[in-house]
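Please look over the chain below.

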Amino acid sequence: VMKLNPQQAPLYGDSVITVQLTEEDKVEDDVVFYLVFTGSTVQHCTSTRKINPGSLETISPGHDCCETVKVALCASREGHPVLVVAEESFQFVQDEAYDAAQFLATCAGNQQALNFTRFLDRSRPPAADVDFLDEKVALAFRHLKLPAEWNVLGADQSLTENIPRETLMHFAVRLGLLRLTWFLLQQPGGRGALSIPNNEGATPVSLALERGYQKLHQLLTEEGAREPDSWSTLSHTVHSGDYSVRHHRGLDVYLLTAEA
């Protein structure tokens with residue numbers, strides 16, 4: 001039996017999993033290990049990287065629903081058939097970051113909810129927590145299946161741009177969430193949100209300046225600003241038909257997802 005640590009991951013994936021091998025599985029260097037996750041409707045295959053002779057590291061895939069899946073550890077060696085070495089179960093769960101992303105996506109145009117996010121800002125989390133929050137909420141947001149008509153400014157597009165109001169972009173910038181801001185900029189209404197003042201007359205751009213967030217301010221104002229480095233250590237996904245391939249740059253691990 002192999003040991004997986006942890007034995008669960010958030011739905012949006014991208015967290016590190018360590019695989020402890022048993023004595024008899026510690027084999028020659030030319031053996032390549034894969035993990036195969038089999039859910040009710042999708043299957044994922046991830047490559048692994050050896051940390052030492054007895055343990056491997058990989059990245060959890062993003063999954064389509066909360067459930068317990070079967071994980072098989074497969075060993076492959078040139079000229080030999082692929083062997084299933086061990087099996088274990090693994091759980092995909094909805095965590096707070098996922099809840100937060102769903103809440104924010106749902107309340108894109110809701111002034112009461114957005115004013116609540118301003119209240120949160122008064123108890124400003126320490127920088128390390130902000131970075132963690134930024135990464136997790138941006139990953140979760142990217143994993144949500146947003147409806148086709150979803151817009152950063154909310155559903156009511158009849159609101160003309162010059163009505164002062166609080167927006168999701170104000171929220172992301174006020175907390176200094178670089179990755180989430182970058183994600184929102186790529187969505188419908190993201191660019192438009194930059195020039196909308198709130199009731200105090202602050203736009204997301206002026207907020208970034210006032211709070212001394214230089215990187216964020218560049219991201220919002222520079223022509224052709226590229227995605228922040230902090231985002232590119234996360235994974236990059238390519239879709240093709242029923243398949244998607246994800247590359248996690250930090251660990252150099254690949255994930256293949258297919259409809260089962």
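This is a predicted model: local features need pLDDT of at least 70, side-chain atom pairs count only at pLDDT 80 or more; totals for chains, interfaces and linings use all residues.

Buried means under 20% relative accessible area, exposed means over 50%, and partly exposed lies in between (1.4 Å probe, protein chains only). Residues are numbered from 1 along each chain as its sequence is written, and side-chain values use heavy atoms, with hydrogens and water left out.

**Overall make-up**

- The chain has 9 helices and 12 strands. Helices (H or I, at least four residues) and strands (E, at least two) are DSSP runs, numbered from the N terminus.
- The C-alpha atoms fill a box of roughly 65 × 35 × 35 Å, taken along the principal axes.
- Of the 260 residues in the chain, 47% are buried.
- The chain exposes about 13,600 Å², and carbon and sulfur atoms supply 52% of that area. Areas come from the Shrake-Rupley method with a 1.4 Å probe; for residues, only the protein chains shown count as cover.
- Contact means heavy atoms within 4.5 Å. Among contacts between residues at least 6 apart in sequence, 64% join residues at least 24 apart.

**The four-strand sheet**

- An open sheet is built from 4 strands in the order β1-β3-β7-β6, with antiparallel pairing. Two strands pair if DSSP finds at least two bridges between them.
- β1 (3-5) and β6 (49-52) stand at the edges with a single partner strand each, so one side of each has no neighbour in the sheet.
- The twist from one strand to the next averages 30°. Axes are lines fitted to C-alpha atoms, for helices over the stretch in contact, and angles run from 0 to 180 degrees between N-to-C directions.
- β6 pairs with β7 (residues 55-59) in the antiparallel sense over 3 bridges. R49 stands opposite E57 in β7.

**Pairings of β4**

- Strands of a sheet pair through backbone hydrogen bonds, either parallel or antiparallel.
- β4 (residues 32-38) and β8 (residues 67-76) are antiparallel, with 7 bridges. L35 has L73 of β8 as its bridge partner.
- β4 also runs antiparallel to β5 (residues 42-47), joined by 5 bridges. Here Y34 stands opposite S47.
- A hairpin links β4 to β5 through 3 residues.

**Helix contact**

- The axes of α1 (residues 96-106) and α3 (residues 127-143) come within 8 Å and cross at roughly 60°.
- From α1, the contact uses A97, Y98, A100, A101, L104 and A105. From α3, it uses K136, V137, A140, F141 and H143.
- By class, this contact has 9 nonpolar, 1 polar and 1 charged residues. Ala, Val, Leu, Ile, Met, Phe, Trp, Tyr, Cys and Pro count as nonpolar, Asp, Glu, Lys and Arg as charged, and the others, Gly among them, as polar.

**Backbone details**

- A cis peptide bond joins N5 and P6, with omega about -5°. P6 is found in the loop between β1 and β2 (8-10).
- D14 is not a glycine, but its phi is positive, near 65°. D14 lies in the loop between β2 and β3 (16-20).
- D252, also not a glycine, has a positive phi of about 55°. D252 lies in the loop between β11 (243-248) and β12 (253-259).
- D252 is partly exposed, with a relative accessible area of 49%.
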